[in-house]
Amino acid sequence: MPHEILFPIVASLLLVVEHSTPQQGIAAGTEVNGFAGMVWGSSLQANQQTKNLILSKGNDGKGGSLYTLKDVSMGFGQATLAAIECSFVKNRLARRYAPFLPGKHNFLGVKSRSHTTVR
């Protein structure tokens, strides 16, 4: 498989793993109890009062919805994110996703940042 295809796939996996496992050991200064001022398990309604959350995928049949977080920095180290998406299950913040724009530069930026923030 060509490197142009592998780089975004591997880096996306690194980023999703980092952002979807808040209970693991994370370096000082990161938000382990939430993300961007939103606490894990907090209600969708409360977060919509302080954050610009736009519905991107409605109910998945299991009580989950995906919202795009707008008006936030799209930088992650030296990489550029495509979006920051927040998953709400039964209207409670459950997970965040941060896919990055494709390209070798972004892959290397995500890889570098991921290795410095997760122990």
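**View 1. S87 sits in strand β7, residues 85-89.** Strands here are DSSP runs of E with at least two residues, helices are runs of H or I with at least four residues, and both are numbered from the N terminus. This is a predicted model, where local features need pLDDT of at least 70, side-chain atom pairs count only at pLDDT 80 or more, and totals for chains, interfaces and linings use all residues. Residues are numbered from 1 along each chain as its sequence is written, and side-chain values use heavy atoms, with hydrogens and water left out. S87 counts as buried because its relative accessible area is 12% (buried is under 20%, exposed over 50%, partly exposed in between, with a 1.4 Å probe and protein chains only). Leaving aside residues up to four places away in sequence, S87 touches S65, L66, R92, L93, A94, R95 and Y97 (contact means heavy atoms within 4.5 Å).

**View 2. β7 and β8 form a hairpin.** Strand β8 covers residues 92-97 and runs antiparallel to β7, with five bridges joining them (strands pair if DSSP finds at least two bridges between them). F88 has L93 as its bridge partner in β8. Two residues lie between the strands, and K90 in the turn has a positive phi of about 55°.

**View 3. S43 lies in the loop between β2 (38-39) and α2 (44-50).** S43 is buried because its relative accessibility is 17%. A polar atom of the S43 side chain lies 3.0 Å from the backbone nitrogen of A46. Beyond residues up to four places away in sequence, S43 touches F88, N91 and R92.

Technical notes:
A polar contact is a pair of N or O atoms within 3.5 Å; within protein, one must be able to donate a hydrogen and the other to accept it, and residues adjacent in sequence count only if both atoms are side-chain atoms.
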